[in-house]
Amino acid sequence: MFDFSVKIGSKEIKFRKRKVKDKINLDKAKTTKEIRDAVVYNCLENPTEVLDDEQYQYVLTAIRNVSYKVPMKY
């Protein structure tokens, strides 16, 4: 189920593509924590993983790149 991974430093973070249920949770989200959960943490194999802001952005970009057909360009 968690077919994708990124390596950040010495740890490997496994994740899956976004699903419709993630979009529904995002639409219902009201707080920053709920938004972060809907966008990234619900897609992680270990949703209790602690990520700092840079790691969060990196994982967010990786999830987005595998979830949508048009990859992001920097």
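Okay, some ground rules. Because the model is predicted, local features need pLDDT of at least 70 and side-chain atom pairs count only at pLDDT 80 or more, while totals for chains, interfaces and linings use all residues. Residues are numbered from 1 along each chain as its sequence is written, and side-chain values use heavy atoms, with hydrogens and water left out.

Let's start with the rings. Rings of Phe, Tyr and Trp (its six-membered ring) pair if their centres lie within 6.5 Å; planes under 30 degrees apart are stacked, over 60 edge-to-face, and the rest tilted. By that rule there are two aromatic pairs. One of them is Phe4 with Phe15: the ring centres are 5.9 Å apart and the planes sit at 25°, so this pair is stacked. Phe4 belongs to strand S1 (residues 4-8) and Phe15 to strand S2 (residues 11-15), so the pair ties together parts 11 residues apart in sequence. Helices (H or I, at least four residues) and strands (E, at least two) are DSSP runs, by the way, numbered from the N terminus.

Phe15 is buried at 2%, whereas Phe4 is partly exposed at 28%.

Contact means heavy atoms within 4.5 Å. Leaving aside neighbours within four places in sequence, Ser5 is in contact with Glu12, Ile13, Lys14 and Phe15.

Over in S2 we find Lys11, which is partly exposed at 27%. Not counting residues up to four places away in sequence, Lys11 touches Val6, Glu49, Val50, Leu51 and Gln55. Now look at Gln55, in helix H3 (residues 53-67). Gln55 is buried, at 19%, and leaving aside neighbours within four places, its contacts are Ile8, Lys11 and Val50.

Next, the helices. Two packed helices are described by the angle between their axes and the distance between the axes. Axes are lines fitted to C-alpha atoms, for helices over the stretch in contact, and angles run from 0 to 180 degrees between N-to-C directions. How do the axes of H1 and H2 cross, and within what distance do they come? For H1 (residues 20-28) and H2 (residues 32-39), the axes come within 8 Å and cross at roughly 170°. That makes H1 roughly antiparallel to H2; the cut-offs are under 35 degrees for roughly parallel, over 145 for roughly antiparallel, 65 to 115 for roughly perpendicular, and oblique for the rest.

Who meets whom? Asp22, Asn25, Leu26 and Lys28 in H1 meet Glu34, Ile35, Ala38 and Val39 in H2.

Between those helices there's a loop, and Ala29 is in it. Ala29 counts as buried, at 18%. Setting aside neighbours within four places in sequence, Ala29 is in contact with Glu34 and Ile35.

Last one: find Arg36. Its charged end sits over the ring of Tyr56, 4.0 Å from the ring centre. The rule is that NZ of Lys or CZ of Arg is within 6 Å of the ring centre and within 35 degrees of the ring normal.

Notes:
Buried means under 20% relative accessible area, exposed over 50%, partly exposed in between (1.4 Å probe, protein chains only).
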